[in-house]
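I am keeping notes on what I looked up in this structure. The entries follow the order in which I went through the model.

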Amino acid sequence: MIEVAGLEKTYGGFAAVVDSTFSVEEGEVFGIVGPNGAGKTTTLKVLAGLIEPTSGEARVAGYDSTESAMRHHLGFLPEESPLYEEMTATSYLRFFADLYEVPRSVADERIERALDRLDLDHRDRRLGDVSKGMKRKVAIARSLVNDPDVLVYDEPASGLDPVTTNSVLEFTRELRAAGKTVVFSAHNLYHVESVCDRVAVMNEGRIVARGTVDGIRERHGETTYHVYTDVPPEAGAAEDGADAEGNGTDPEAFGGTEEVGDRYRTVVPSMDAVERVRTAASEAGGTVVDIRTREPSLEDVFLDLVGRPMPGRRGGAGIDEGDGTPGIDEGDAVGGAAAADAGGDADTSEAGRRDHDDEREERAGAATSEEA
Ligand SMILES: Nc1ncnc2c1ncn2[C@@H]1O[C@H](COP(=O)(O)OP(=O)(O)OP(=O)(O)O)[C@@H](O)[C@H]1O
């Protein structure tokens, strides 16, 4: 339903979006996350046909995003959505339905349904006097007046209270159930985890990870094991320190052991390392009393992925001037440590860019990387 290929948007010499490629299937909810200035809004505005790409293309519902016919298939919710304050919710939505030339009876039924579903009270109060949550709901209802196939929402739940946020997220799930395709940006990663089928993580204009939340966690995050012992593991039992994978025998080399109540916790990155802690504890005359596995959250992965500056954003220089090998180019963009952690995983390698990056592809990430 949405195909974005090699999208670039520059403002003057500044590259707001660099070589962005992703696709969204019909009936999918696709999240775009990234720090301030990452290029999320720019991407969404291109999809909505509000700005033209500098190069590359974005296709929405079979149309180029620059074609005016595309807009009949699209509902856009901008980050800021000022409403006509003197109008009521109903008159405002009718006004937009008229712009889309929706017959009045169809429009009224559609508006009523959206407002009911969004629990919108005070429909006849002037919009200048309603709460921020209500205004946002009216703007969401506005995105639906033309019954579009594709919804592009910029921060739909930003600044809303928890109840309203929940209702907006639930509504997004319902849109998916109704077969709509939704792309939305968000800063709140919990919202993204709870609603999105797939996600793109953007940083400094580029997509640095893409796939299901679980897939991204698997590829870019690191499971850790918290090993609890009844004595501090015997550091002296070590014959060598931890190597890059933490495979040494010295608990100190894993980052040390912490006293927690009457137990001692050593955090290690692999089951092999857990066994080494067990040995070290036993050498100290104690035993392992508990082992807990900690999966990385999307937030852990996000911070790892975007926590480092990337080279060559200005004008795209340094990104397109790689050695021409797309996989290596991508590795640069993902950032050294993250790329190394993922075994050179190339979720957005050239092969990955061409193909739809579903869960299966994520699992085959290593193979994709080798091809690249
Ligand atoms: N019209 C413009 N002219 C010049 N630079 C722009 C323009 N629009 C956006 N930018 C710049 O492009 C970069 C990406 O902006 P964009 O709004 O897409 O980021 P974002 O990820 O949506 O950020 P935020 O989370 O803060 O909303 C930013 O550095 C921004 O300043």
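Predicted model: local features only at pLDDT ≥ 70, side-chain atom pairs only at ≥ 80, totals over all residues.

**Sheets, helices and domains**

Residues are numbered from 1 along each chain as its sequence is written.

Strand β1 (residues 2-11) and strand β4 (residues 55-60) run antiparallel and are joined by 5 bridges. Strands here are DSSP runs of E with at least two residues, helices are runs of H or I with at least four, and both are numbered from the N terminus. Two strands pair if DSSP finds at least two bridges between them. The open sheet has 4 strands in the order β2-β1-β4-β5, with antiparallel pairing. At its edges I found β2 (14-24) and β5 (63-64), each pairing on one side only.

**Entry: the sheet of 6 strands**

Next I read off an open sheet of 6 strands with mixed pairing, in the order β6-β7-β8-β3-β9-β10. Its edge strands are β6 (74-77) and β10 (206-211). Strand β9 (residues 198-203) runs antiparallel to β10, and 5 bridges join them. In β10, glycine 211 stands opposite valine 199.

**Entry: a hairpin**

I then turned to β12 (residues 257-260) and β13 (residues 263-268), which pair in the antiparallel sense over 4 bridges. They form a hairpin with 2 residues between them, and glycine 261 in the turn has a positive phi of about 65°. Valine 260 has arginine 263 of β13 as its bridge partner.

**Entry: two helices**

How do α2 and α4 lie to each other, roughly parallel or roughly antiparallel? The axes of α2 (residues 89-99) and α4 (residues 132-142) come within 10 Å and cross at roughly 25°. Axes are lines fitted to C-alpha atoms, for helices over the stretch in contact, and angles run from 0 to 180 degrees between N-to-C directions. The two helices are therefore roughly parallel (under 35 degrees; over 145 is roughly antiparallel, 65 to 115 roughly perpendicular, the rest oblique). Ala89, Tyr92, Leu93 and Phe96 of α2 make the contact with Val138, Ala141 and Arg142 of α4 (C-beta atoms, placed from the backbone, within 7 Å).

**Entry: domains**

Last, I noted domain 1 (2-216) and domain 2 (224-294), with bounds from an automatic or database domain assignment. Their C-alpha centres lie 48 Å apart.

Key: Contact = placed C-beta atoms within 7 Å.
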